[in-house]
Amino acid sequence: MRGMHRTHRCTEVTEAQIGSTVTVMGWVQKRRNLGSLIFVDIRDRSGLLQIIFDSNLVGEEGFAKAGTLRSEFVIGVTGVITKREGAVNENLKTGTIELRAKELRILSEALTPPFPIEENSQTKDELRLKYRYLDLRRPDLQRNLMLRSRVTARVRSYLTEQGFLEIETPILNKSTPEGARDYLVPSRVHPGSFYALPQSPQLFKQLLMCSGYDRYFQIAKCFRDEDLRADRQPEFTQIDMELSFVDEDDVIRVNEGLLQAAFAEIGVEVQLPIPRMTYREAMERFGSDKPDNRFGMELKNVSDVVKDCGFGVFTGALANGGSVRGINASGQGAMPRKKIDALVDFAKGYGAKGLAYMSVNEDGTVKSSFAKFMTEEELQGLMERLEARPGDLLLFAADKDKVVFDVLGSLRLHLAESMGLLDKNTYSFLWITEFPLLEWSEEENRFVAMHHPFTMPMEEDLDKLDTDPGSVRARAYDIVLNGTELGGGSVRIYQDDIQEKMFQVLGFTKEAAYEQFGFLLDAFKYGVPPHAGLAYGLDRMIMLMAKEDSIREVIAFPKVKDASCLMTEAPGTVDEKQLEELQLAVVKKKTEE
């Protein structure tokens, strides 16, 4: 590169530079040799620029060199910007101009890539992730990561304008078993002891409030050793914040402004205020605490309509304290029996024993799996409750509320996808409030915190902590976008007596609570302000902004389902010397014969 300096990225060159000499550098996307002229498309992160090599301008040596160029060679080219003489390419930002080369330098040669470097790659994910450094050259992935960078910068700017301080918290922490599994790091200088990678900066950000920092934020790396899904990774990034002297409304107000600023980066205007819905209403209407409200198909409780019917599946569920609810798949009444059976199998995957259905024919008559057990009045009542019209398909689940919500909540999303109701160009935000404080764990045979042990109960429910802890609501709130939880937070407990009561309900002895959280509880003895916070999943946010189906498409170097990296082959074994220094031994699990 000696003596050659890049003056522009490829698409920074415009018609305003016509007649100017510029130098661009990047990767060869494509070469076309027409004999007297060689056309090369050069690519950098900004896009493509067409280069013309003419021996009269670049010289015989330069022309011969251009003839050796192959896909993904790295080159530097100096030349003059001219107006295109051939057809204008309206799909390119630089489609009206071209660079006539005067000097070519091959900076690096390349092997033939194992897959094309192009948008909307049809290459298998496994191959793309093995060669992620090549995959990241694709324009769509580069756009995603540049969007991520812009959004992160806008978030930092907005929060700084709102008086927040960006403060880093430790990565090597103490393990706190409440929550997901920790990633553990053995200590060399404390043999037999382990650090834990943070699942979130929760305790440290509360300590910062105790320390008087008032408003904190961090773009924080977090780690959870849990099973992966399309919107989960073992290491992920949070937009994390905490505020002092605030209540729910203050936190929501700040974050609505944050969302408005962030989504402006993709030209989406977030309408404020964002609607709010209680957890109970969300479950009753959508069967989910993160409802997708871009479409209807809401759950309807028909328990009162069928309570005296002759259909044992319905009456049996009601007798066992459950409910009967249904959804209306509008316009799907002609669905073939084979597809309905597939819906039944889908529902069974979410705990249903079966799925009752009723098709409304165009003449108003019904075809049903249970009509013979119902009176005409009861059938009419079901159609009225679900606002059925000719051509509709009604689907019913009967069981305990949790099962019914899981089944119908998942089924409505499954149907909506097949019916084309999930418009990625629509951004529908929703706050969910008043979550249950606790949920019962069958595995541990005790109540566990739905969010974490430091979430404040609603004041009007405090007396129920002793008598009916399962009905206590939390001062917690989630922000949901298109059926995906973008973030969540809560008002925190800051009074000793309430915190002690919370630990008691969770089954902690005072000694156990201090063993895990003693440093925080001790800090609370020295004057703690009322405080609250929230954290977003940055990866999920960018995934939705970029209209992708997986967060792997917005993370530079993601893991796969088993939490491994196909490119680096992590995790890997370590040599015996390292294990000896850590005083560790690897015990192989015995295989069953």
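Helices (H or I, at least four residues) and strands (E, at least two) are DSSP runs, numbered from the N terminus. This is a predicted model: local features need pLDDT of at least 70, side-chain atom pairs count only at pLDDT 80 or more, and totals for chains, interfaces and linings use all residues. Residues are numbered from 1 along each chain as its sequence is written, and side-chain values use heavy atoms, with hydrogens and water left out.

**Loop between H16 and H17**
- Asp-575 sits in the loop between helix H16 (538–545) and helix H17 (576–582).
- Asp-575 is partly exposed because its relative accessibility is 45%; the class lies between buried (under 20%) and exposed (over 50%), with a 1.4 Å probe and protein chains only.
- Pro-571 belongs to the loop between H16 and H17 as well.
- The peptide bond from Ala-570 to Pro-571 is cis, with omega about 0°.

**The other cis bond**
- Leu-272 and Pro-273 are also linked by a cis peptide bond, with omega about -5°.
- Pro-273 lies in the loop between helix H6 (248–263) and strand S11 (276–278).

**Positive phi**
- Most residues other than glycine have a negative phi, and most peptide bonds are trans.
- Asn-120 has a positive phi near 50°, and its loop runs between strand S5 (97–108) and helix H2 (125–130).
- Asn-120 counts as exposed because its relative accessibility is 57%.
- Met-297 has a positive phi near 55°, in the loop between helix H7 (279–286) and strand S12 (300–301).
- Met-297 counts as buried because its relative accessible area is 11%.
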